[in-house]
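Q: I would like to learn how to read the features of a model like this one, step by step. Could we go through it together?

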Amino acid sequence: MSLQNGLTYLAIPGPSVTPDRVLQAMHRAAPNINTGALTEMVPDIIADLNMMAHNEGYCAPYISNGHGVWEAALANTLSRGDLVLVLGTGHFSHGWKTIAESMGIDVEVLEFGRTSPSDPEAVAARLAKDPDHRIKAVLCVHVDTSSSVKSDVEMVRAAIDAARHPALLMVDCIASFGCDRFEMTPWGADLMITACQKGLMTPPGVAFVFYNDKADKMRETANCVTHYWDWRPRTDPEMFYKFFDGTAPTHHLFGLREALAMISEEGLDMVWRRHTVLAQAIWAAVDHWGSDGPLEHNVPKTLHRSHAVTTIKTGDSGALALQEWCKTKAGLTLGIGLGMDRPDQYFRIGHMGYVNAQMILGVLATIEAGMKATGLEHAPGGAAVAAEVIAAQA
Ligand SMILES: *Cc1c(COP(=O)(O)O)cnc(C)c1O
């Protein structure tokens, strides 16, 4: 029999769970795009996003998903034939690389594998070997959603500075924004991208490029920029209509407005704290499951793990059967092993955005039931260990 009928949980790492408040804010007749509530709302949305990003520079909104702002970030700063250094920590670093290559940009990958973060010393060493400053930008994915590896952006900045290299530091915070602490200006990121469907709890469709004056200066000479991706009109407050270069993403903006209100009501520090504790509960469960048998964290060190997504290695090929069981028997959809050599040995839990203790405890107990039912080797009792973490922290 199946026990899946009821409230389902899509625990993939994006799109994340959309709060009812966001859905209700979107449920309305089409608004006027020229005057009224919509146009009045946008400056506040941008201000809130800048505050959330700790950004003292600009924020350009686009109707797009994350792939769009990957392209926008490169288009506004680079020219064909420029060289960029991609810090490889998983599938998404390589995704950004593919976009750069398709634009005629030369790419070099500094590969760190799938289980550990960018090594600042390796970054500094590579930049030191570039006395002519051919490398125009360093592309760092803060949290790589496939491996669940988190890189230390401040340390990457320090490495670039130590090498006295002028390369722009571009950071992909699509998975981490609103989940893992990130402070753009204090940490010295020159450019950051994010999208609305993960920590921002809004259906996919709006994405953002945050940038500083140094990045904007590169816009002067960048020959990759095209009309749609040009960030200049999008950051001009007098040109709301052009913010979106045409019709604004009307309902998404109402949804996003509500999501940002929810984040501000809870307080960003509390939002980060909630993600931290829920991640710790998951880690404790995984550690316990793996205490007897081959199951383990993909990322060995806690310091290198995301608070938004967790990648788990099952050690045998039972991950697919587990995912299938959780979905069809219990209404829980887990993330797949993305970009791994053996996808059948990995699953992921998305715990970004609108998630709370009861959802995470439900996810963990369901996974435990699924492991038992499908015969996936594990030490029973991980969900109870997670409950202890929640009880101690909450
Ligand atoms: C989700 C994600 C992307 C891609 O975003 P899309 O909206 O699917 O294009 C890129 N980078 C990271 C780190 C992500 O988590």
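A: Gladly, and let us begin with a term: a residue is called buried when its relative accessible area is under 20%, exposed when that area is over 50%, and partly exposed in between. With that cut-off, Tyr211 is buried, because its relative accessible area is 1%. Please keep in mind that this is a predicted model.

Q: Thanks! Is Tyr58 buried, exposed or partly exposed?

A: Tyr58 counts as partly exposed, since its relative accessibility is 30%.

Q: How should I read a pair of aromatic rings, and how many aromatic pairs are in the whole structure?

A: A pair of aromatic rings is described by two things, the distance of the centres and the angle of the planes. Searching the whole structure gives nine aromatic pairs. In one of them, the ring centres of Tyr58 and Tyr211 are 5.0 Å apart with the planes at 25 degrees, so this pair is stacked. Tyr58 belongs to strand β2 (residues 58-63) and Tyr211 to strand β10 (residues 206-211), so the pair ties together parts that are 153 residues apart in sequence.

Q: Is the pair of Phe208 and Phe210 stacked, edge-to-face or tilted?

A: That pair is tilted, because the planes of Phe208 and Phe210 stand at 50 degrees, with the ring centres 6.4 Å apart. The cut-offs behind this are under 30 degrees for stacked and over 60 for edge-to-face, with the rest counted as tilted. Both partners are covered as well: Phe208 is buried at 2% relative accessibility, and Phe210 is buried with a relative accessible area of 0%.

Q: Which residues do ring pairs link into a cluster?

A: Ring pairs join Tyr58, Tyr211 and Trp231 into a cluster.

Q: Let us move to the ligand. How many residues surround the ligand, and which are the closest?

A: The ligand is surrounded by 13 residues, and the closest are His67, Thr145, Asp172, Gln197 and Lys198. By class, this shell has six nonpolar, five polar and two charged residues. Helix α3 (residues 66-75) gives the largest share of the shell, three residues.

Q: What are the distances between oxygen atoms of the ligand and the side chains of His67, Gln197 and Lys198?

A: For reading such distances, a pair of N or O atoms within 3.5 Å is taken as a polar contact. A polar side-chain atom of His67 is 2.5 Å from an oxygen atom of the ligand. For Gln197, a side-chain N or O atom is 2.7 Å from a ligand oxygen, and for Lys198 a side-chain N or O atom is likewise 2.7 Å from an oxygen atom of the ligand. As for cover, the ligand taken alone exposes 380 Å², and the protein buries 90% of that.

Q: Next, cysteines. How many disulfides does a search of the whole structure find?

A: In general, a disulfide is a covalent bond between the sulfur atoms of two cysteines. Here the search of the whole structure finds zero disulfides.

Q: What should I look for in the backbone?

A: Most residues other than glycine have a negative phi, and most peptide bonds are trans. Against that background, the peptide bond from Gly14 to Pro15 is cis, with omega near 0 degrees. Pro15 sits in the loop between β1 (9-11) and α1 (20-26).

Q: What are the phi values of Ser148 and Arg164, and where do these residues lie?

A: Ser148 has a positive phi, near 65 degrees, and lies in the loop between β6 (143-144) and β7 (149-150). Arg164 has a positive phi as well, near 50 degrees, in the loop between α6 (153-162) and β8 (168-172).

Note on methods
Residues numbered from 1 in each chain as written. Predicted model: local features only at pLDDT ≥ 70, side-chain atom pairs only at ≥ 80, totals over all residues. Heavy atoms only, no water. Near = heavy atom within 4 Å. Polar contact = N/O pair within 3.5 Å; in protein donor to acceptor, adjacent residues only side chain to side chain. Areas by Shrake-Rupley, 256 points an atom, 1.4 Å probe, with all protein chains shown as cover. Helix = DSSP H or I, 4+ residues; strand = E, 2+ residues; numbered from the N terminus. Nonpolar A, V, L, I, M, F, W, Y, C, P; charged D, E, K, R; others polar. Disulfide = S-S within 2.5 Å. Phe/Tyr/Trp six-rings, centres within 6.5 Å; stacked < 30°, edge-to-face > 60°. Buried < 20%, exposed > 50% of the residue type's maximum accessible area, 1.4 Å probe, protein only.
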